[in-house]
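Reader: I am new to protein structures and would like to learn how to read one. Could you walk me through this one?

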Amino acid sequence: MIVDVLTIFPGMFEEPMSASMMGLARERGLLEFRTHDLRDWTHDRHKTTDDDPYGGGPGMVMKPEPLGEAIAAIHELEDEPAHTVFLTPSGRRFDQSIAEELSSHERILFVCGRYEGFDARSHTLADDEISIGDYVLTGGELAAMVVTDAVVRLLPGVLGHEDSAVDESFSSGLLEYPQYTRPAVWNDLEVPEVLRSGDHARIQAWRRRKALELTLERRPDLLNEADLDSVEVEWVRQANGNVDSQPKED
Ligand code: ADE
């Protein structure tokens, strides 16, 4: 996958996109990551990327011309244009299913907003607009890193253990079951006996039940969309009263 980022702060990406799994994905040739400085497409002495809003009001608005020129130039770097994603608090809210959707693209261009946002006309250049949550950051750079991380780790070969991306929070629609490692007793807290039993069927059943319990306790909203069988739907109903889940068909 090729990820291009258009930003006025390319330096922000250096360490986060070189360390750990992102660095490994790049070393393994699974991710080509490039930043582009929006100021390279300005034509004035001060390399201006923002201006006052028409109609008045506080803050500055990102000028559309450098964005338009930059995005066109970045598309031209490869045979196929990039899937262009604007990071903005008014985008659709990012989640695991959007990460999966984005991981199917060969090329993505993230466009990071700053100031009070983009000139409304520049949105015509976006294929998609994403928010990473209902809060306002000072710019889209951190959001672009969050989305890149969540997408790139889904690419085959990036995580060492191929099951890791499947058997975790959200991919089943549930929070992840509790995990333990050695020692068997720590601070008087014992690892559940079932996990030391070697009985894989019991372990699977225990983990599933724990994932359900945790989801019911912390994120009951997820249960409406989760993939539950009829026994689990009944269990949730009894535990909770009235969760509106449908049994999966199989
Ligand atoms: N830019 C500023 N806030 C943002 C958010 N919550 N998500 C994506 N981009 C942003």
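Predicted model: local features only at pLDDT ≥ 70, side-chain atom pairs only at ≥ 80, totals over all residues.

Reader: How many helices and strands does the chain have?
Author: Helices (H or I, at least four residues) and strands (E, at least two) are DSSP runs, numbered from the N terminus. Counted that way, the chain has 9 strands and 6 helices.

Reader: What is the radius of gyration of the chain?
Author: The radius is taken over C-alpha atoms, and the globule rule is 2.2 Å times the number of residues to the power 0.38. The C-alpha trace spans about 70 × 40 × 40 Å along its principal axes. A compact globule of 250 residues would come near 18 Å, but the chain has 23 Å.

Reader: What share of the residues is buried?
Author: Buried means under 20% relative accessible area, exposed over 50%, and partly exposed in between (1.4 Å probe, protein chains only). Of the 250 residues in the chain, the buried ones make up 39%.

Reader: How far does α5 reach from its first C-alpha to its last?
Author: The expected span of a helix is 1.5 Å times one less than its number of residues. For the 19 residues of α5, that expectation is 27 Å, and the helix comes close to it with a reach of 27 Å.

Reader: Which helix is included in what covers the buried residues of α5?
Author: The buried residues of α5 are Ile-203, Trp-206, Ala-211, Leu-212, Thr-215 and Leu-216. Their cover includes residues 230–240, which form α6.

Reader: What is the relative accessible area of Thr-215?
Author: Thr-215 has its place in helix α5 (residues 200–218). Leaving aside neighbours within four places in sequence, Thr-215 is in contact (heavy atoms within 4.5 Å) with Leu-174, Leu-175, Pro-220, Leu-222 and Leu-223. Thr-215 is buried, and its relative accessible area is 0%.

Note on methods
Residues numbered from 1 in each chain as written. Heavy atoms only, no water.
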